[in-house]
Amino acid sequence: MNKETLEQNYRAVTANIQQACKRSGRSPDEVGVIAVTKYVGIETTEAVLDLGVGHIGESRAQEAVPKWEALGNRGTWHFIGHLQRNKVKDVVGRFTYIHSLDRFSLAQEISKRAAQKEVTVRALLQVNVAGEESKFGLSPDEVVEFSREVAALPHLTVAGLMTMAPHVPNSEEVRPIFRELRALRDKLDTYRGASEKQLELSMGMSNDYEVAVEEGATMVRVGSSLVGRER
Ligand SMILES: *Cc1c(COP(=O)(O)O)cnc(C)c1O
């Protein structure tokens with residue numbers, strides 16, 4: 001994608017987030033944009049970083065690793081896709097955040113690999129709020145117990161909750177999903193106590209990030225409406 005279009009897109013996304021913040025009485029400083037670059041190559045990813053977007057999201061280890069090798073010294077990298085155990089060793093040490101933690105065996109593997117690399121991974125628990133068969137994630141009623149189990153692992157910290165809403169033409173329809181994830185986050189924050197940092201809410205993609213921001217998202221994951229699609 002050419003730089004001008006990219007810059008225009010970024011300005012539009014930023015302006016939309018500002019408007020959504022205004023409508024919901026939030027400060028735009030509370031909302032971070034993760035540029036999802038899974039549809040584009042190294043060149044466009046580099047152009048995104050040049051714009052000053054500090055957070056990059058990738059969802060497939062195999063494609064993300066070469067990109068990280070080229071650009072990983074810039075920005076903060078978020079792994080947002082479904083993660084298989086045999087790929088954990090490629091992701092840990094490169095990606096600061098993993099947004100797709102959804103089972104204990106995966107958490108154990110992440111902590112083990114993180115210990116070897118002497119890092120601590122910030123993990124977000126993926127929640128399948130809508131209960132869609134096709135999507136990964138914990139069911140909402142598993143989240144509190146799961147977060148307790150995971151908290152015992154030494155090289156992993158629970159940094160927040162993530163969800164993917166169903167893809168629908170009218171984003172208003174998914175507002176209750178975002179609202180439920182937020183309520184779950186608030187509940188978890190209460191359990192964790194006031195001394196712990198408030199958990200992140202990773203929710204909102206190209207078609208629904210404005211609604212997600214109105215409902216409290218602190219991280220939005222925007223791909224196609226920012227960088228287009230090269231593949
Ligand atoms: C691809 C992807 C996104 C971005 O999707 P767009 O609709 O292109 O913005 C966000 N989150 C996850 C988990 C993804 O896999």
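## Second largest pocket

The second largest pocket has a volume of about 330 Å³, taken as the space filled by probe spheres set on the grid points. A pocket here is an open set of points on a 1 Å grid over the protein atoms alone, where a 1.4 Å probe fits, with protein on both sides within 12 Å along at least five of seven lines; lining residues have an atom within 4 Å of a point.

This is a predicted model, in which local features need pLDDT of at least 70 and side-chain atom pairs pLDDT 80 or more, while totals for linings use all residues. Residues are numbered from 1 along each chain as its sequence is written.

Among the 18 lining residues, Val158, Ala159, Arg192, Glu196 and Leu199 lie nearest the centre of the second largest pocket. Helix H6 (143-151), strand S6 (156-162) and helix H7 (175-192) each give two or more residues to this lining; helices (H or I, at least four residues) and strands (E, at least two) are DSSP runs. By class, the lining has nine nonpolar, three polar and six charged residues.

## Largest pocket

The largest pocket has a volume of about 540 Å³. It is lined by 30 residues, of which Lys38, Ser59, Ile80, Gly81 and Met164 are the closest to its centre. At least two lining residues come from each of H3 and strand S8 (219-222).

## Helices H2 and H3

The axes of helix H2 (residues 42-50) and helix H3 (residues 61-71) come within 10 Å and cross at roughly 50 degrees. The crossing is right-handed.

Definitions and conventions
Side-chain values use heavy atoms; hydrogens and water are left out. Axes are lines fitted to C-alpha atoms, for helices over the stretch in contact, and angles run from 0 to 180 degrees between N-to-C directions. A crossing is left-handed if the near helix is turned anticlockwise from the far one by less than a right angle, and right-handed if clockwise. Ala, Val, Leu, Ile, Met, Phe, Trp, Tyr, Cys and Pro count as nonpolar, Asp, Glu, Lys and Arg as charged, and the others, Gly among them, as polar.
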